[in-house]
Amino acid sequence: MTPVSSFLRPTRRRASAASLALALTCAAAGPAMPETVTAMERQPDALFNFTTGDVLPRGAFRFRLGFLQTNPSIQTAGTGNQIYQSGAAFSPMEGLQFGVDYINHVDPPPRPIATDTPGRSAQVVGGGAHVKYRFYDEGPLTMSAQIAGEFLKFSSTIFGKFSQDYEFVGSAHLPVSYDVAPGIRLHLTPGVSIFPGSRGGSTFYGTVASVGAGVTWQVVERLLVYGTVTQPLTGANTIRSDGSYGRKPVITGGARFLFAPNSSVEVFATNGMGTTPTTSVLTYFPNGDMVMIGAMLNLTFGRGSPEKPIYDRAPGTTLTSYQTALQSNGFTLQTPRTRDRGTVELHGEIGTDGARAAHVSVSPDHFLELGASYEEVANDGSAAINALPGTTGRWSGTFKLQFMDQVDGFPVSLGYTFQAGRDRQKNGVLYMSLPMMREFGPNFAMTVEPKAAFFGSQEIYAVGLGASYSVTPDIRVIGEYTVRDGGRDIWAIGAKTRVQGMPLDVGLHATNAIGAYGINAMTGQSDPKFGLSISVHNKLFR
């Protein structure tokens, strides 16, 4: 058996005579092959609300951005309840990791608590930092220690009082991970989260000791599935319908899919609400029995997570000028093809009837675009604008993933677009689409795009069909038609040209859509809208 003292030594393994001889042999033969496994392709150092015994490789950065969502049909304002979260981590040396985390929930409870839903939002907002150190790493077993300090705002009568003050809370965890079979790893995570015992004269969560257990299974290099359970042992982690506090296990199941070697999308279902180390033990209120669906984008980069080619792409494959032009969206339809890794795009549009829009996007990795936009829609007086949840300009955040590219031998190119936004009156809209494209020869392509938008209790569905034809190497004409399940169908026709010698596209179009993005491109007016668009795009990094 391994002596107890050996479990407490730092992560450093002694080289045996055999391994030393092997190292000398390899050195004589030539330099060692570089590491070809990215940080994202390894077993995870952390899941959405669960930390494991692993840490990032030395020199690797990790960034994550995501949300949780209740059923939009629940009768709360806007699009149901959301919890937004983000975080970042960095490993400066072997076995050591620093990170920051953020959580934002500003919606009222989805069901009454203590006989009445509070008139204002139940706010859980804030974040903090954590440090994690792997103190044992031998064979299939790793053990780490993690501590976190956070400043959080709990503001609602269900938390004892409305307050804009941030309170210091903290946590400590001792995660252990063990390989039981190739690709299958078990995790045991005892921990304690420290909250105030009371607020405003009412009971609060207090000190919550817990033990968590989980399993991660790396089915193939690009797919990992997992399940975790965290059981509180002391204090409270659940607010009941009568306003009292109790304990309930936090249960989570999900999957992580890599669409690029350093990027993945994670989807999961949980009854938990916490996205930081300290809040990870909390269930969503009331009663901890509501299932929330979540999605999270994960990125790794840096010296500890080497850059690799696109999955499934043959070495030396490059896009033609027309295939590159198809990275640009149409006028009312999205393209499934993303910009090249490292590309930044600035897009502006102005049209008749007061339409104007601006959009910025970046492609931090292959098959991924992150964007933000602001749009004010056209208004021809036909009352089309009244079909929207609000009539003011809308800010939106967008991420687009590409799952397949016809260039790599697939029958079609396939992408996914998700957009969440609010207008200046704070009316929220969720939008998603699944664009598919088939190229027929070197100059012609067709697009099919099912899409949907949600706000309040409203659900809008549509399917768009588009065609693009390159009449010259630099000019392509575009036609689009979208059938809606209610309201006017949408049409658009126009042309785009690439300015010779410059990373600049210019477009002219006519459409009855009141806007270019999300739900605005699904809403039609009586009169045609004429528009001019300009896009500047260039690579900032490779």
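Mentor: Start with the term: a salt bridge is a side-chain nitrogen of Lys or Arg within 4 Å of a carboxyl oxygen of Asp or Glu. The model is predicted. It holds 22 salt bridges.

Take Asp101 and Arg64. Their closest N and O atoms are 3.7 Å apart. Asp101 sits in strand 5 (residues 96-105) and Arg64 in strand 3 (residues 60-69), so this pair ties together parts that are 37 residues apart in sequence. Asp101 is buried, at a relative accessible area of 10%. Arg64 is buried too, at 6%.

Now look at Glu94 and Arg134. Their side chains meet in a salt bridge, 3.0 Å from N to O. Glu94 lies in the loop between strand 4 (82-93) and strand 5, while Arg134 lies in strand 6 (residues 123-138), so the pair ties together parts that are 40 residues apart in sequence. Glu94 is partly exposed, with a relative accessible area of 43%. Arg134 counts as buried, at 7% relative accessibility.

Next come Asp405 and Arg337. Their salt bridge spans 2.8 Å, N to O. This pair links distant parts of the chain, 68 residues apart. Asp405 is in the loop between strand 23 (394-404) and strand 24 (413-423). Arg337 is in the loop between helix 3 (321-325) and strand 20 (343-351). Asp405 is buried, with a relative accessible area of 2%. Arg337 counts as buried at 1%.

Conventions
Residues numbered from 1 in each chain as written. Predicted model: local features only at pLDDT ≥ 70, side-chain atom pairs only at ≥ 80, totals over all residues. Heavy atoms only, no water. Helix = DSSP H or I, 4+ residues; strand = E, 2+ residues; numbered from the N terminus. Buried < 20%, exposed > 50% of the residue type's maximum accessible area, 1.4 Å probe, protein only.
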